[in-house]
Amino acid sequence: MVLGPEQEDGPRRLLDEADVADLRKTLLADVAVCRALDELWPSLTAEEVVGEVFGGEGWSAADIPLLDEAAAVLGEPVPAFGHVVVDEAQELSAMAWRMAMRRCPGKSMTVVGDLAQTGDPAGAESWEQVLRPHVADRWRVAELSVNYRTPAEIMAAANELLAAGQPRPRSVRAAGESPWRVRSTLADLARVVGGIAEEHRGGQFAVIAPPGRLASWRESGTTTVLTPAEAKGLEFDSVLIVDPARILEAPRGRNDLYVAMTRATRRLGIVHLGPVPDELTRLEQR
């Protein structure tokens, strides 16, 4: 074919669509070509990528945001929703927020959480910190200041753990019983806790202790024994907190103790080993 002057500067198409389709079919039928493509551009899963990068074996809940991020990078389809409700939002890490925002392209969300109860070291310290990177200033806070669960006597004690500037919830009722504390030794702890448990036969009773404490009680199953993280979101008529000083040693210890103290709807007792923590000195001593 002879090209005219007006055609010499333009693109030249040597193969039409049928030729390209035949060439692709021929290449894909070649085992050597397919082997080379698999080596250069292998098909990967999110699990393979994260496992290779971090050397992971087995997955935990903390790995889910990483796996989701890897899936998005690999181009795997992600379910999307028009509106998303996030509960216990204070516990989400920065990566978890990326995962949540990915599910809601329109960024229409109802976010429910309490910064005073943040227990995860990677959790939120402020709503601006976690929301502004994704939605700029297109968010607003509505604070709930009325407490219907925790009686005023317990709430007054728990509020001592709140940082300056944090809102103090107002309880709508009083229980008529002040929270109290008692000192024990480690050797005598089982006897003291057992005696207190016997006093609270009516209603739901739970012991909240730091991880590892009262392990034998947990195994026996005769008394509900929970860590602060396990107790989050639950409520009981009576709560006994064991070894608050050790709870306070956690990275978010004040928040963990606040969670533990606000699980009770009627009665709250605390067993401390050694001197009482400063945050609890105002409690009535038995």
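Predicted model: local features only at pLDDT ≥ 70, side-chain atom pairs only at ≥ 80, totals over all residues.
The phi angle of Glu88 is near 50°, a positive value in a residue other than glycine.

Lys107 is found in the loop between α6 and β2 (109-111), where, at 27% relative accessibility, Lys107 also counts as partly exposed. Although Lys107 is not a glycine, its phi is positive, at about 60°.

## Packing of α5 and α6

Two packed helices are described by the angle between their axes together with the distance between those axes. Helix α5 (residues 64-73) packs with helix α6 (residues 94-102) at an angle of about 50°, and their axes are 8 Å apart; the two helices are therefore oblique to each other, and their crossing is left-handed.

On the α5 side, the contact is made by Ile64, Pro65, Leu66, Asp68, Glu69 and Ala72, which meet Met95, Ala96, Arg98, Met99 and Arg102 in α6. The residues of this contact divide into seven nonpolar and four charged, with no polar residue.

## The surroundings of Leu283

Leu283 lies in the loop between β9 (264-273) and β10 (284-285), and with a relative accessible area of 8% this residue is buried, because buried means under 20%. Leaving aside neighbours within four places in sequence, Leu283 is in contact with Ala157, Pro179, Trp180, Arg181 and Ile270. The C-alpha atoms of Leu283 and Val182 are separated by 9.6 Å, while the two residues are 101 residues apart along the chain.

Note on methods. Residues numbered from 1 in each chain as written. Heavy atoms only, no water. Axes fitted to C-alpha atoms, helices over the stretch in contact; angles between N-to-C directions. Helix = DSSP H or I, 4+ residues; strand = E, 2+ residues; numbered from the N terminus. Parallel < 35°, antiparallel > 145°, perpendicular 65-115°, else oblique. Left-handed = near helix turned anticlockwise from the far one by under 90°. Contact = heavy atoms within 4.5 Å. Nonpolar A, V, L, I, M, F, W, Y, C, P; charged D, E, K, R; others polar. Buried < 20%, exposed > 50% of the residue type's maximum accessible area, 1.4 Å probe, protein only.
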